[in-house]
Amino acid sequence: MANKVRTRFAPSPTGYMHIGNLRTALYAWLLARSSDEGTFILRIEDTDQERYVEGAVDLIYKTLADTGLVHDEGPDKDGGCGPYIQSERRGMYKKYAEELVEKGAAYYCFCDKDRLEELRAIQTASKVPPKYDGHCSRLSKEEIQEKLASGVPYVIRQKIPQEGTTSFHDEVFGDITVENSTLDDNILLKADGLPTYNFANVIDDHLMGITHVIRGSEYLSSTPKYNLLYEAFGWEIPKYIHCSPVMKDAQKKLSKREGDASYEDFINKGYLKDAIINYIALLGWSPGTEQEIFTLDELVAAFDVSGISKSPAIFDVNKLNWMNAEYIRKLTIEEFTEKAMPYYKQAVKRDVDYNLLSALLHDRTEKFSDIPENIDFIDTLCDYDTELYVNKKMKTNEEVSKDALEKILPVLEGLTDWTHDAIHDALFALIESLGVKNGVILFPLRVAVSGKKFTPGGGVEIAELLGKEETIARIKKGIEKLA
RNA sequence: GGCCCGUUGGUCAAGCGGUUAAGACGUAGGCCUCUCACGCCUGAAACAAGGGUUCGAUUCCCUUACGGGUCACCA
């Protein structure tokens with residue numbers, strides 16, 4: 001490769017980081033990092049002031065920093081190709097549009113909106129695809145000069161060849177050829193002198209030396225027009241890498257409305273950023289091996305554009321859950337406790353040993369937001385049904401359970417050393433002396449101290465967690481209920 | 001509607017003319033076990049349809065169906 005790779009991520013500051021966009025950023029970052037001395041550039045496309053959201057740019061910085069997708073150049077890191085904020089580049093485009101006019105690849109158009117609307121109305125009525133009719137491309141030099149001189153508002157439109165075809169190569173989709181007759185003479189420079197997105201993009205990418213354009217497949221159909229522009233300027237055409245969208249289901253894209261389309265949504269639900277990145281890397285891309293768990297560095301090493309798939313990928317929260325759980329299990333107890341703390345504080349007021357709690361939870365937690373409901377029994381013992389004591393497999397019923405609790409009570413009351421081992425040993429000694437199955441004693445205990453059908457950990461662990469006083473109280477309560 | 005693109009189990013996907021068509025998630029059953037989970041074992045489950053090309057098509061070509069994208073002085 002002659003040139004060093006330069007990729008860019010060009011989000012609009014709309015206030016949140018869409019998962020699909022984040023994936024595009026990931027791929028662009030990976031491509032830059034996986035090549036020698038590649039550069040990853042952040043460009044903010046804020047020309048649509050109506051959609052601009054305060055603080056959105058900061059959110060983009062924060063997300064990239066959080067996830068480790070660090071950019072080498074951007075508004076905050078000048079690399080000599082600035083400005084990196086499109087609205088600050090607004091004056092740069094006009095001369096390029098005019099250059100195109102000189103080269104015969106574009107022309108002034110003086111048609112007003114009324115005429116355009118009328119034209120479109122006629123075309124749609126006669127079921128012809130709406131398209132500019134090239135009216136102003138046939139204006140004489142004199143007519144153009146005259147209108148320009150008298151200050152008639154104008155736009156500059158791209159002049160598409162009347163005949164022939166235009167082809168381009170996409171690294172994902174292969175060679176694509178379209179008839180020029182299906183392409184429209186789109187506006188490059190608007191009446192206000194500002195560029196349309198399509199035009200600005202080509203200019204910016206060229207000026208910033210972008211070698212690989214990675215973007216959503218919605219731009220596939222306008223790429224031929226971009227190529228015509230590059231050719232007219234005599235500029236080198238970048239490599240194109242179009243990515244199919246991330247879908248919610250077979251029909252719909254992941255959308256903001258559903259409330260599960262943004263990176264922040266997942267973070268707020270207690271997903272780990274590494275798990276999110278890992279998961280979306282595999283959504284629409286395959287390393288070609290059986291490896292599924294990747295650190296960012298491993299992704300860099302494994303990434304290859306040839307693994308990007310053409311068809312849309314449906315976002316499967318089940319698999320994300322699994323992957324998140326995998327990442328959670330890799331956390332140390334200390335790390336787990338730190339991440340779980342907000343949820344602990346939310347659910348438990350009682351004084352408990354958080355590390356003990358974490359030890360119980362860390363193999364059973366898919367996402368941190370699941371924690372509160374799993375440990376709600378710690379603060380208060382609910383008014384459970386004694387049906388809970390009946391378990392066929394444990395060979396327990398209400399009677400057996402009552403008996404078990406009555407036997408357990410004095411044993412635990414007699415304990416001075418309230419540790420896991422002490423509780424465990426005492427209880428197992430009881431079990432042995434009684435000659436019963438473990439469950440006959442332990443199952444009723446677990447129910448009595450938790451009041452729940454399912455708990456993280458067994459009776460011994462929960463007793464340890466609750467402390468002697470509370471454990472004894474709950475056992476007594478159980479005996480009472482069973483009386 | 002025109003143009004462009006896509007289609008392997010429920011989902012992500014490997015495959016790139018000859019395979020018993022991988023693997024993962026999920027799911028079903030089992031083991032482990034004081035519940036749940038973890039872990040382990042086993043199972044069910046796919047080449048959209050029809051034509052070609054070929055000795056041989058999941059793989060190449062065409063048609064159909066279905067899905068997506070795009071047709072703005074939005075990005």
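Just after helix 3 in this predicted model, glycine 104 takes a positive phi of about 80°. Helix 3 itself spans residues 94-102, and Tyr96, Ala97 and Leu100 are its buried members. These three cover an arc of only 100° around the axis, so they end up on the same side of helix 3. As for what the buried residues pack against, the partners are strand 3 (106-109), strand 4 (155-158), strand 7 (187-189), helix 6 and helix 7 (223-233).

Helix 6 (197-207) also shows up around the RNA, where it supplies at least two residues of the surface near RNA strand B. Helix 4 (113-125), strand 6 (174-179), strand 11 (313-314), helix 11 (317-330), helix 17 (438-450) and helix 18 (459-466) each do likewise. Helix 17 gives the largest share, five residues. There are 65 residues around RNA strand B, and Tyr197, Ser286, Ser311, Asp316 and Gly458 come nearest.

On the helix 15 side, the contact uses Val400, Ser401, Ala404, Leu405 and Ile408, while helix 17 brings Val440, Ile441, Pro444, Leu445 and Ala448. In class terms, that contact has nine nonpolar residues, one polar and no charged ones.

Note on methods. Residues are numbered from 1 along each chain as its sequence is written. Chains are lettered from A and ligands numbered from 1 in the order in which they are written. This is a predicted model: local features need pLDDT of at least 70, side-chain atom pairs count only at pLDDT 80 or more; totals for chains, interfaces and linings use all residues. A residue is near a molecule or strand if its C-beta atom, placed from the backbone, lies within 6 Å of it. Helices (H or I, at least four residues) and strands (E, at least two) are DSSP runs, numbered from the N terminus. Two residues are in contact if their C-beta atoms, placed from the backbone, lie within 7 Å. Ala, Val, Leu, Ile, Met, Phe, Trp, Tyr, Cys and Pro count as nonpolar, Asp, Glu, Lys and Arg as charged, and the others, Gly among them, as polar. A residue is buried if 20 or more other C-beta atoms lie within 10 Å of its own, exposed if 12 or fewer, and partly exposed in between; C-beta atoms are placed from the backbone. The arc is that of the directions from the helix axis to the C-beta atoms.
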